[in-house]
Structure formats: structure tokens, C-alpha cells
Amino acid sequence: MRRFAVLVAIVVVAPLVVHYPALETQILTFGLLAVAFNVLLGEMGFLSFGQATFNGVGAYAAALALIDAHAPLPLALIVALAAGAAAAAIVGSLAIAGRGVYGVMLTFAFNEMAYYIAFQWRDVTGGDNGLRGIPRPDVLGISLDDPTRYYYFTALVVLLAFAVVLRLNVSPFGAVLRAIRENEERARAIGYRVRRFKIAAFAISGALSGLAGGLYAELYRFVPLQAIDLDTSTSIVVAALLGGTGSPYGALLGAAIFTVLSNSLSHVWSHWPLIFGLVFCAVVLFFRGGLWSLAERWSRRAAHA
Amino acid sequence: MSGLIEIQLLNGIVQGMIYALVAAGLTLIFGMLDIPNFAHGAFYALGAYVAYTVVSATGNFWLAIAIVPLVVAVLGLVVDAFAMRRLARAGHVYQILFTLGLVLIVQEAIVLVWGANPTSVNVPAALDGGFPLGAVSFPHYRIFLAIAAALVIGAVWFALERTRYGAIIRAGIDDPEMVDCIGIDVQRLFTVVFGIGVGLAGLAGALILPIRGGQPAMGNELMATSFAVVVIGGLGSYLGAVVGGIFVGLTQAIMTILYPAASEVAIFAAMALVILIRPQGLFGKR
């Protein structure tokens with residue numbers, strides 16, 4: 001609870017201290033993607049390599065709801081959430097047919113399939129030109145045109161979603177996911193319908209990713225093809241791992257650091273991904289808990305001192 | 001239309017042989033050694049670029065074909081000995097993640113060393129020209145490519161199934177402890193298999209260079225397709241990798257004639273279909 005309060009405080013104060021509302025909004029939407037990814041990896045132990053699929057589906061769904069149906073923003077976000085959940089339930093039910101690494105490959109391959117569909121289906125997605133001209137309707141009579149206001153709107157939605165994830169992790173449902181992670185056979189032997197739980201976890205992860213996609217589409221009022229490509233999926237994996245998969249806070253931290261670094265380092269040295277790759281390999285080899293576990297170790301040491 | 005459809009089908013087979021070569025390597029590493037190598041496409045891209053450098057420096061494409069698999073295989077040996085073995089205890093997820101880091105490194109290193117623009121080399125002079133086929137002609141080089149790939153795939157199969165070393169490797173996969181007890185260093189053998197596997201990917205990259213040229217992201221595109229190949233053919237089945245590769249190459253070619261917009265999607269749709277109907281793949285064992 002105290003951690004969540006600190007998080008809320010940081011999110012509220014951040015744009016007042018450092019005023020880059022667009023970048024900070026991007027941190028939140030990307031953070032939600034990393035948290036959604038972590039529902040599958042951190043809780044259930046499934047490495048999904050296709051998270052951009054659900055992000056992209058959500059982004060396109062929200063954008064189309066706003067452009068063609070003139071839907072109010074909250075409704076468009078619900079559409080994004082539902083579309084993300086549906087896409088993830090389909091991909092998930094196919095991907096879990098393959099055990100272990102096989103399943104990872106399937107999420108990867110289906111992401112590429114989704115990318116090609118988005119690329120070719122120009123009438124709907126705009127292809128590689130992207131989907132432009134997304135309106136930003138008022139919410140409850142309040143205009144969100146100002147970037148700072150949109151930041152706070154996004155913050156509200158993302159923090160709510162984050163609270164849901166925290167609640168989920170301590171719920172019986174979360175316990176079953178962890179049981180599947182630790183020993184799938186045993187979970188099945190106890191009598192849990194493992195397959196259903198896995199698909200449900202996918203749907204939840206997809207719903208959160210779709211929501212993030214919707215928020216992202218409204219942020220730039222534009223959905224680029226990159227929203228659904230494999231590079232985005234890779235970034236989500238890298239960011240979450242860097243932050244640490246032991247906790248949703250870790251995923252959020254990783255996403256924040258990744259977004260800030262990729263925005264700032266690309267101006268300094270265009271080949272920064274090289275160093276990033278090296279650091280990432282080092283993290284995988286030497287401290288798999290990521291930055292969050294490092295922070296936790298320090299705070300424990302500080303508490304003992 | 002005379003000849004055009006035949007040309008497309010032949011192209012499909014040639015591209016399919018490249019997929020088969022890549023997927024055969026993937027099957028060695030993935031299916032037999034049980035190491036998830038998501039950097040397989042990166043080794044393929046490296047193969048193309050190293051070949052480019054050799055051809056630029058010496059003008060000799062044959063030399064490139066000979067050197068590239070060795071260079072890439074040595075890199076593979078290093079990766080396996082330093083990282084994959086160490087990560088085996090941590091589990092598949094971390095092996096995948098490490099190879100993902102490798103992809104980032106290789107892709108950016110390619111941009112750094114060779115630049116972001118596409119590169120290309122000419123078809124070797126001896127294989128210039130083509131066979132007449134109706135109103136058009138089919139390039140000699142592509143036929144050479146298909147035959148070369150088939151020979152290499154066959155040679156690796158022969159080495160695995162019909163030689164003493166192959167028998168030791170297969171025994172090591174079935175029961176590593178027993179083979180260890182006889183006094184054979186199984187790990188070292190596995191590392192060699194890993195090297196051969198990525199070496200095949202490197203060779204595929206070198207072979208495709210005169211046709212497609214090289215570009216930094218070429219490995220990523222290939223990766224998803226070769227996953228589809230392996231899923232369709234059956235994970236762990238060497239024959240499945242070859243048949244799956246040709247099947248996917250042909251599917252792409254046929255769809256390019258019928259409905260080009262769906263030529264990529266069709267592969268993954270076929271993959272989804274295989275998962276639903278026969279999850280172990282066409283040639284996979286349960």
C-alpha cells in the first residue's frame with residue numbers, strides 16, 4: 001500500500017518537476033505494456049514475444065471507434081481493452097498448445113502475422129502511412145487538448161489498471177497463476193483447469209495492452225505501423241526484464257528507464273542499441289532480478305542499518 | 001503467361017531451400033540440443049555481411065561460401081560455451097532473452113560496421129546467365145543455390161545418422177550421463193553441434209546475398225518465417241524442417257501469383273492450421 005502511495009505521488013508530481021508531458025505520458029502507456037507483459041511472465045511464467053499484437057489491436061480499435069463512430073474517449077478505451085483481450089485470448093489459446101519454447105515461438109510468429117495484416121489492410125489501418133486524424137473528444141465536459149491534462153487523464157487510467165494488477169496478484173487467481181508457473185503438472189493434478197487459467201491470463205494481459213494501445217493512439221492522435229511490430233514487442237520484453245519481473249513495480253521502472261534512455265541516448269550516439277544489447281545480455285547473465293531486485297536489496301539493507 | 005508460373009514455382013523452391021537450410025540449423029539447436037536460439041536470424045544476417053566483405057575484398061564468391069560458415073560457426077561456439085551453457089540451469093526463458101540481447105547487438109553492429117543501407121554483390125561470373133524457359137529464363141545461380149543447399153542439408157543428415165560422431169551425439173541427447181560415463185565430453189560435442197547449426201544459418205545468408213542483398217533487419221524477417229517452418233514441419237524433426245521449408249517457400253510463391261497481399265499472412269495461417277489439426281507438426285513426434 002505504501003509503495004502504491006509513493007507511486008501515485010511520483011506520477012502526480014513528475015510533470016511539475018520535469019515538464020515533458022508527452023514523454024511522461026509515453027512512459028505511462030509503455031509502462032502499462034510492460035506490466036501487462038509481466039502478468040504473463042512474472043506471474044504465470046510464460047514469455048510472450050507478441051505483446052505488440054495486443055497493443056496494436058487496441059490502438060487501431062480505439063482509433064477507429066474515435067474516427068468512424070465518434071465514440072467518447074472512455075468508450076473508445078473500453079473498445080480497445082475488449083479488442084486487446086479478444087486478440088490475446090485467440091493468440092493465447094493457440095500459443096499454449098505448444099509447450100515451453102514452442103509457445104514463445106508461436107506468440108512471435110503470430111505477432112508477425114498481425115503485422116502483415118495491419119501492413120496490407122490499408123483501408124482500415126492506413127498501412128505504413130499509419131492511421132491519422134484521431135479526434136480528442138472532451139471527457140465529462142473537460143477538454144484534454146492540453147498535453148498536461150492528457151497526461152493526468154492517462155495517469156488516472158494507468159494507475160487504476162495498475163491497482164487492478166496489484167489486486168489480482170494477491171487474489172486466489174494470482175495464486176493459481178503462480179502455481180502454474182512453479183509446477184504446471186501439480187496445478188493440474190490439484191484440479192485446476194490450467195488451460196482456462198492460461199487463456200484468462202492472456203486475456204487480462206491483452207486487455208491491459210489494448211488499453212495502453214488506446215491511450216497511445218490518443219496521445220499522438222496517430223497510430224503508426226510500429227505500434228504492432230516485433231521491435232515493439234522486443235522493447236517490451238527488454239524493458240520489463242531490465243526493471244525486473246519479480247514485481248509489477250519493476251516492470252514499470254524498467255519501462256520508465258527504457259523510454260527515457262531511448263529518447264535521450266538516440267540523440268547522443270545513434271548506435272546506442274549496441275550498448276543496450278550488451279547491458280541486457282549482462283543483466284540476463286549476472287543479475288536476473290533486474291533493477292527492482294537491486295533496489296529491494298538496498299532498501300532491506302537500509303532498513304537493517 | 002508461358003514460363004512465368006513455372007519461374008514463380010522454381011523461385012518458391014529456391015527460397016524454400018534457403019528456409020530449409022535455416023530451419024535445419026534451427027532444428028539441430030532447438031529440437032536436438034533443446035536450446036532456444038532466437039538469434040538464429042542474426043547469424044544468418046552476419047553470414048550475408050561477412051560474405052559481402054569477403055567478396056568486396058577478394059572478388060571471390062567461392063571463397064566467401066567457404067569462409068562464412070566457419071566464421072559464423074566459431075562465433076556460435078563462443079556464444080554456446082560462454083553463455084548458453086551457463087544459462088542452461090536458469091532455464092529456457094533466460095536463454096531466449098540472452099539470444100534476444102544478441103539480436104540487438106548484432107543488428108546494431110551491422111549498422112555500425114557496414115552501414116544502414118542495403119548491400120549487394122554480383123552473381124559469380126561462372127553462374128551468370130540462365131536456362132531458357134519459355135519466353136523467359138531461369139538464373140543459373142538460383143539452381144546452384146538450391147543444389148548447394150540440398151547437398152549441405154544431406155551431408156549434415158548423413159553425419160548425424162550414419163557416422164560414429166553422429167551416433168555419439170544422438171546417444172548424448174538420449175542419455176548425456178551415460179555417454180559422459182564412457183569418457184566422452186558430451187558438452188563439447190553439443191557445442192560443436194551448436195556451431196554447425198548457426199553455421200548453416202550463416203551459409204544461408206551468404207548464399208542469398210547475390211539474390212537479395214544484405215540489409216541489417218534481414219535476420220528478423222527470416223526469424224518469424226523460420227519459426228513457422230519449424231512449427232509446420234514439426235519441432236525436432238530434421239526431415240520436417242526441410243519439407244516445411246520447401247512448403248513455405250512454395251506457398252509464398254503460389255500466393256504471390258494468386259493474391260500477393262496475403263503471401264506472408266498465408267504462411268502464418270498455415271501455421272495456425274497445423275497447430276489446430278496436428279500440434280506436433282507434420283513430421284513431429286508426440
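**View 1. Packing of α9(B) against α11(B) in the predicted model.** In this predicted model, the axes of α9(B) and α11(B) come within 9 Å and cross at roughly 30°. Because angles under 35 degrees count as roughly parallel, α9(B) is described as roughly parallel to α11(B). The crossing in which α9(B) passes α11(B) is left-handed. On the α9(B) side the contact is made by B:A224, B:T225, B:A228, B:V231 and B:I232, and on the α11(B) side by B:I267, B:F268, B:A270, B:M271, B:V274 and B:I275. By class, the residues of this contact of α9(B) with α11(B) comprise 10 nonpolar, one polar and no charged.

**View 2. Packing of α10(B) against α11(B).** Helix α10 of chain B, residues 238-258, packs on helix α11 of chain B, residues 263-277, at an angle of about 140°, and their axes lie 8 Å apart. The two helices α10(B) and α11(B) are therefore oblique to each other, and α10(B) passes α11(B) in a right-handed crossing. From α10(B), the residues B:F247, B:V248, B:T251, B:Q252, B:M255 and B:T256 take part, meeting B:S263, B:E264, B:A266, B:I267 and B:A270 of α11(B). The contact of α10(B) with α11(B) divides into six nonpolar, four polar and one charged residues. B:I267 and B:A270, which meet α10(B) here, are also among the α11(B) residues in the contact with α9(B).

**View 3. Packing of α2(A) against α12(A).** In chain A, α2(A) and α12(A) pack with their axes 8 Å apart and at an angle of about 140°. That angle makes α2(A) oblique to α12(A), and the crossing of α2(A) past α12(A) is right-handed. The α2(A) side of the contact consists of A:L23, A:Q26, A:I27, A:F30, A:G31, A:L32, A:A34, A:V35 and A:N38, which meet A:P248, A:A251, A:L252, A:A255, A:A256, A:F258, A:T259, A:V260 and A:N263 of α12(A). The residues of this contact of α2(A) with α12(A) fall into 13 nonpolar, five polar and no charged.

**View 4. The largest pocket, with lining residues from chains A and B.** Two or more lining residues each are given by α2 (21-44), α10 (194-220), α11 (230-243), α12 (248-268) and α13 (272-286) of chain A, and by α2 (40-58), α4 (92-114) and α9 (218-233) of chain B. The largest share of this lining, six residues, is supplied by α11(A). By class, the lining of the largest pocket is made up of 20 nonpolar, 16 polar and three charged residues.

**View 5. The largest cavity, lined by residues of chain B.** A search of the whole structure finds one cavity of 30 Å³ or more, and the largest cavity has a volume of about 50 Å³. The residues that line the largest cavity are B:G41, B:A42, B:A45, B:V103, B:V106, B:Q107, B:I110, B:P216, B:G219 and B:N220. The elements of chain B that give two or more residues to this lining are α2, α4 and α9, and α4(B) gives the most, with four residues. The lining of the largest cavity has six nonpolar, four polar and no charged residues.

Technical notes
Residues numbered from 1 in each chain as written. Chains lettered and ligands numbered in written order. Predicted model: local features only at pLDDT ≥ 70, side-chain atom pairs only at ≥ 80, totals over all residues. Heavy atoms only, no water. Nonpolar A, V, L, I, M, F, W, Y, C, P; charged D, E, K, R; others polar. Axes fitted to C-alpha atoms, helices over the stretch in contact; angles between N-to-C directions. Parallel < 35°, antiparallel > 145°, perpendicular 65-115°, else oblique. Left-handed = near helix turned anticlockwise from the far one by under 90°. Contact = heavy atoms within 4.5 Å. 1 Å grid on protein atoms, 1.4 Å probe; cavity = no way out; pocket = protein on both sides within 12 Å on 5 of 7 lines; lining within 4 Å. Points joined across faces, edges and corners; volume = space filled by probe spheres on them.
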